[in-house]
Amino acid sequence: MNIFRLAGDMMHLLSIVVLLLKIHTTKSCAGISLKTQELYALVFTTRYLDIFTTYISHYNTVMKLIFLASSFSILWYMRAHKVVRQTYNKDQDTFRHFFLVLGALALALFVHHKFTFHEVSWTFSLYLEAVAILPQLVLLQRTQNIDNLTGNYVFLLGTYRGLYLLNWIYRYLTEDHYRRWITWLSGLVQTALYADFFYYYIRSWKKNEKLQLPS
C-alpha cells in the first residue's frame, strides 16, 4: 500500500466520522441527503460481498466492516432516530436516485471484466459510487444553507477520491501491467462531479465566508 492509498482511505474514514459527529452531537441531519446515504450503503454492500469468503489483509477487512457499519448507522439515524429523522429535508431531497441505480446496473451488466456475480456486483458498485454524490450536491444547491460540518464532509469525500487518483497514477508508474480502465474512468467521473463544489468551498474558505453553491 502506498501513501496516496492510505491517505485516501483516511480521508474517506474522516468524512464518515465528521458526518456521524454532526448527526450525533447536533441531533440533526439537516442538509444531508438520505438518497446519497442509501446509495453509499448499496455501494458498500455490493462491493464487499466477499468479506467473509476472501481474506486480503487485516486492514482490508477492518475497513470494510467500518464502512458497512457506519453506512447503515447513518441510515438508522436518518430513518429511525426519533429526533434526527424530524430534521431531514425530505421535501428538498427529491433526486430520483433509483435512475442512478438502474443506470449503474445496466452498465455493469454490459461493461465488466468478467461476467460473474461477484465481478458484476463489484463493477456495479464502482459505477454507482461515481454518481452517488449527485443527490447530496443537488440538495446543497437547493437549501443554500450549508453548515461547516456538512461542507467539510463533502470536501473530505472529494479529497478521498482525488488521493485515489494519485494512487492509481503512482501504481501505473511503479507496477508492471497495472491497468484498471473501469476503475479509472469511474473515478475520473466521480472526481469531476466535485470540481464545482471544490471551487466554491475553497473560495469561501479564502474569503472567510459562509459556503453557498449557485442554484
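This briefing walks through the fold of one protein chain and a few residues to look up in it. The model is predicted, and the chain averages a pLDDT of 93, with 100% of the residues scoring at least 70. You will find nine helices and zero strands in the chain. Let's start with the whole chain and then visit single residues.

**Overall shape**

- Read from the N terminus on, the elements of the chain run α-α-α-α-α-α-α-α-α.
- A compact globule with 215 residues would have a radius of gyration near 17 Å, and the chain agrees because its own value is 17 Å.
- Taken along the principal axes, the C-alpha atoms fill a box of roughly 45 × 40 × 35 Å.
- Of the 215 residues of the chain, 47% count as buried.
- Among contacts between residues at least 6 apart in sequence, 76% join residues at least 24 apart.

**Confidence along the chain**

- Among the elements, helix α2 (residues 34–47) has the highest mean pLDDT, at 97.
- Helix α9 (residues 195–207) has the lowest mean pLDDT of the elements, at 90.
- Where pLDDT is low, predicted coordinates should not be read in detail.

**A closer look at helix α7**

- Helix α7 has 27 residues and reaches 38 Å from its first C-alpha to its last, close to the 39 Å expected at 1.5 Å a residue.
- Asp147 caps the N-terminal end of α7, with a side-chain oxygen 3.1 Å from the backbone nitrogen of Leu149.
- Tyr160 and Tyr164 both lie in this helix (residues 148–174), four residues apart, which is about one turn of the helix.

**Aromatic rings**

- A search of the whole structure finds 16 aromatic pairs.
- One of the pairs is Phe44 with Tyr48: their ring centres are 6.0 Å apart and their planes are at 10 degrees, so this pair is stacked.
- Both partners are buried: Phe44 has a relative accessible area of 3%, and Tyr48 has one of 13%.
- The rings of Tyr160 and Tyr164 have centres 5.3 Å apart, and their pair is edge-to-face because the planes are at 70 degrees.
- Tyr160 is buried, with a relative accessible area of 4%, and Tyr164 is buried too, at 13%.
- Ring pairs also link Phe155, Tyr194, Phe197, Phe198 and Tyr201 into a cluster.

**A buried glutamine**

- Look for Gln190 in helix α8 (residues 181–193).
- Gln190 counts as buried because its relative accessible area is 2%, which is under the 20% cut-off.
- Leaving out residues up to four places away in sequence, Gln190 touches Glu129, Ala130, Tyr160 and Arg161.
- One of these neighbours, Tyr160, is a member of the edge-to-face pair described above.

- Most residues other than glycine have a negative phi.
- Lys27 is not a glycine, yet has a positive phi of about 55 degrees.
- You can find Lys27 in the loop between α1 (3–26) and α2, and at 32% relative accessibility Lys27 counts as partly exposed.
- Asn208 is not a glycine either, and has a positive phi of about 55 degrees.
- Asn208 sits in the segment after α9 and is exposed, with a relative accessible area of 71%.

Terms used
Residues numbered from 1 in each chain as written. Predicted model: local features only at pLDDT ≥ 70, side-chain atom pairs only at ≥ 80, totals over all residues. Heavy atoms only, no water. Helix = DSSP H or I, 4+ residues; strand = E, 2+ residues; numbered from the N terminus. Buried < 20%, exposed > 50% of the residue type's maximum accessible area, 1.4 Å probe, protein only. Contact = heavy atoms within 4.5 Å. pLDDT = per-residue confidence, 0-100. Phe/Tyr/Trp six-rings, centres within 6.5 Å; stacked < 30°, edge-to-face > 60°. Expected span 1.5 Å × (residues − 1). Polar contact = N/O pair within 3.5 Å; in protein donor to acceptor, adjacent residues only side chain to side chain. Rg over C-alpha atoms; globule rule 2.2 N^0.38 Å.
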